[in-house]
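I opened this notebook to keep track of what I looked up in the model, step by step.

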Amino acid sequence: MAGRTYLPRKLEFEDLVKLLVQEHAGMHEGLARVRSAAEKHDFQQASKALRELDPVFRQHVVDEESTVLRLLISKLGVKRAQEEIKVFQQHRPIYNLMQTVIELASKSEGELMAEQARLGALFVHHTVAEEEQVFPKAVDCYRGTRRPEAGTPG
Ligand SMILES: [Fe+2]
Ligand SMILES: [Fe+2]
C-alpha cells in the first residue's frame with residue numbers, strides 16, 4: 001500500500017474500536033455504490049466510488065494493525081492471538097482485490113461484475129470476523145477482563 005503515509009489515530013482504545021465499526025458500515029455503503037454503478041454500466045462512478053474508499057480503507061487498516069493487533073499481541077502473545085492475526089492478514093488480499101477492481105472498471109465489464117462481487121463478499125466476511133471475534137477480544141484485553149482460555153496455564 002504505497003503512497004501517502006498514514007499514522008495511527010490517537011484515540012482512546014474503545015473509542016477507536018467504535019469508530020472502526022462505524023467505518024465498516026461506511027465502507028459497506030461505498031461498496032454498495034460500486035455495485036450499483038457497475039450494474040448500471042457506469043464505470044466512471046464505480047471507479048470513483050472505489051477511489052473514495054481507498055484512503056478510508058488505508059487509514060482503517062493502519063489503526064487495526066498498529067493499535068488493535070499490537071494490543072492483542074502484547075497482552076496475549078503471538079500464539080494466543082493467532083486467529084486474530086489471520087483475520088488481519090486478509091487486509092492485503094482485500095486491498096489488492098480493490099486495486100484489481102479499480103483497473104477492471106475501465107476494462108472488462110464481465111470481470112468487473114464478478115470481481116466486485118468477490119470483493120464485497122470478502123469484505124463482509126472480514127468485517128464480521130472483526131466485529132464478532134477480534135474487537136470483543138481486544139476490548140476484553142484492554143479492560144483486563146479477559147480470562148485465560150480453558151486449559152491454558154496462567
Ligand atoms: Fe480489517
Ligand atoms: Fe476493519
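The entries below record what I looked up and what I found.

**Entry 1: overall layout.** I note at the outset that this is a predicted model. I looked up the secondary structure and found five helices and zero strands in the protein chain, which, read along the sequence, gives the pattern α-α-α-α-α. I then took the extent of the C-alpha atoms along the principal axes, and they fill a box of roughly 55 × 30 × 25 Å. Of the 154 residues in the protein chain, 23% are buried.

**Entry 2: α1 against α5.** Sorted by class, the contact of α1 with α5 has 15 nonpolar, four polar and three charged residues.

**Entry 3: α2 against α4.** How do the axes of α2 and α4 cross? They come within 10 Å and cross at roughly 160 degrees, which makes α2 roughly antiparallel to α4. I noted the crossing of α2 and α4 as left-handed. The contact is made by S47, L50, R51, F57 and V61 on α2 and by H91, Y95, M98, V101 and I102 on α4, and by class these residues divide into seven nonpolar, two polar and one charged.

**Entry 4: α4 against α5.** I looked up α4 again with its other partner, and found that the axes of α4 and α5 come within 9 Å and cross at roughly 155 degrees; α4 and α5 are therefore roughly antiparallel to each other, and their crossing is left-handed. In α4 I listed I94, L97, M98, T100, V101 and L104, which meet E111, L112, E115, Q116, R118, L119, L122, F123 and H126 in α5. The contact of α4 with α5 has nine nonpolar, three polar and three charged residues.

**Entry 5: the nonpolar cores.** Which residues of the largest nonpolar core touch the most other members? Of its 16 residues, I found these to be V34, A46, A49, L50, V101 and A105. The elements giving two or more residues to this core are α1 (13–39), α2 (43–80), α4 (91–104) and α5 (109–143), and α2 gives the most, with five residues. Apart from this core lies another, of ten residues, among them L16, V17, V68 and A138.

**Entry 6: H41.** I found H41 in the loop between α1 and α2. Most residues other than glycine have a negative phi, so I made a note that phi of H41 is near 60 degrees, a positive value. Is H41 buried or exposed? H41 counts as exposed because 11 C-beta neighbours lie inside 10 Å, and the cut-off for exposed is 12 or fewer.

Entry 7: R9 lies in the segment before α1 and counts as partly exposed, because it has 15 C-beta neighbours inside 10 Å. Leaving aside neighbours within four places in sequence, R9 is in contact with L16 and D63; the C-alpha atoms of R9 and Q59, which are 50 residues apart along the chain, are separated by 8.4 Å. I then turned to Y142, which sits in helix α5 and, with 18 C-beta neighbours inside 10 Å, counts as partly exposed. With neighbours within four places in sequence left aside, Y142 is in contact with F13, E14 and L71, while the C-alpha atoms of Y142 and L72, 70 residues apart along the chain, are separated by 8.5 Å.

How values were computed
Residues numbered from 1 in each chain as written. Chains lettered and ligands numbered in written order. Predicted model: local features only at pLDDT ≥ 70, side-chain atom pairs only at ≥ 80, totals over all residues. Core = buried A, V, L, I, M, F, W, Y, C linked by C-beta atoms within 7 Å. Buried ≥ 20, exposed ≤ 12 C-beta atoms within 10 Å, placed from the backbone. Helix = DSSP H or I, 4+ residues; strand = E, 2+ residues; numbered from the N terminus. Axes fitted to C-alpha atoms, helices over the stretch in contact; angles between N-to-C directions. Parallel < 35°, antiparallel > 145°, perpendicular 65-115°, else oblique. Left-handed = near helix turned anticlockwise from the far one by under 90°. Contact = placed C-beta atoms within 7 Å. Nonpolar A, V, L, I, M, F, W, Y, C, P; charged D, E, K, R; others polar.
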